[in-house]
Amino acid sequence: FGSSEYPVAITQKNKFMRRIFNDSKFETGGRYYGGWIQGLNSEWRNKITINLDATVEVDFSANGINLLYAKEGLTAPSGDLYDLSTGYNHNKPPPTTYNGYSMKDLRPLLKLMMLIMINAKNYNEAYYAIRGDVNDDNKKLPQGVPLKPLMALFEQKHSAIKRYFYSGFGATLYKYDSTIAEGVINHFTNKDVPVLCIHDSFIIELQYLKELKAVMQNSFKKTL
């Protein structure tokens with residue numbers, strides 16, 4: 001659908017979701033997977049109606065980074081957490097562009113980089129994984145970007161949570177993430193209000209927008 005190369009079949013056969021954990025004690029992972037809804041891009045998700053009513057999708061902005069700051073008892077820097085031109089101090093002025101790319105252009109790469117840096121167990125594992133994704137033409141990431149200096153800039157901006165980089169903490173982070181989603185889903189299911197989940201974003205009827213935002217924040221606070 002949309003810009004996807006492959007169509008998404010919308011049928012009654014593929015509508016259920018399940019949580020997938022990484023261990024037998026249910027302490028890591030646990031994100032919700034399944035259902036045709038997760039195969040749609042944002043353009044087609046915007047067309048979804050529930051009970052013939054218009055819907056809205058709300059997500060946690062930079063949820064992974066915010067979770068790590070909250071775990072440290074800190075508030076994340078203001079503004080775009082993937083914008084390396086603001087939010088940290090060092091001797092040289094922060095860059096407004098990097099290797100000819102604007103911070104907006106770099107954002108998809110930086111989001112991927114953050115996830116890999118948290119999931120990888122060491123620096124080299126992270127670097128080669130990022131480099132492999134950049135070289136994958138299907139992912140359409142910025143090309144010719146010096147990765148090691150970019151990783152260093154990201155570490156500087158988020159030095160307060162640096163201890164989680166290259167630590168393999170990602171699976172534990174997903175447990176927090178999925179527990180937050182569980183709280184949101186349970187709240188509305190108990191009220192017989194349909195809510196659709198795409199990891200850390202939720203689609204609901206427009207009339208429940210205010211309530212959804214409040215429930216998301218409450219579930220975030222309860223989990224941390």
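Select Phe-26 to begin: this residue sits in the loop between β1 (18-21) and β2 (29-33). Strands here are DSSP runs of E with at least two residues, helices are runs of H or I with at least four, and both are numbered from the N terminus. Look at the backbone of Phe-26, where phi is near 60°, a positive value in a residue other than glycine.

A word on what you have open: it is a predicted model, in which local features need pLDDT of at least 70, side-chain atom pairs count only at pLDDT 80 or more, and totals for chains, interfaces and linings use all residues. Residues are numbered from 1 along each chain as its sequence is written, and side-chain values use heavy atoms, leaving out hydrogens and water.

Next, select Asn-99, in the loop between β5 and β6 (101-102). Its phi is near 55°, again a positive value in a residue other than glycine. Is Asn-99 buried, partly exposed or exposed? Asn-99 is partly exposed because its relative accessible area is 46%; buried means under 20%, exposed means over 50%, and partly exposed lies in between (1.4 Å probe, protein chains only).

Now move to Ser-85, in the loop between α2 (63-71) and β5 (97-98). Ser-85 has 18% relative accessibility, so it counts as buried. Show its side chain together with that of Asp-83: a polar contact of 2.6 Å joins the two. Such a contact is a pair of N or O atoms within 3.5 Å; within protein, one must be able to donate a hydrogen and the other to accept it, and residues adjacent in sequence count only if both atoms are side-chain atoms.

Then select helix α5, residues 147-157. Its buried residues include Leu-150, Met-151, Leu-153 and Phe-154. What do the buried residues of α5 pack against? Their partners are α2, β5, α3 (103-119) and α4 (123-134), with contact meaning heavy atoms within 4.5 Å.

Finally, zoom out to the whole chain. You can count seven helices and eight strands. Buried residues make up 40% of the 224 residues. The C-alpha atoms fill a box of roughly 55 × 40 × 35 Å, taken along the principal axes. Among contacts between residues at least 6 apart in sequence, 66% join residues at least 24 apart.
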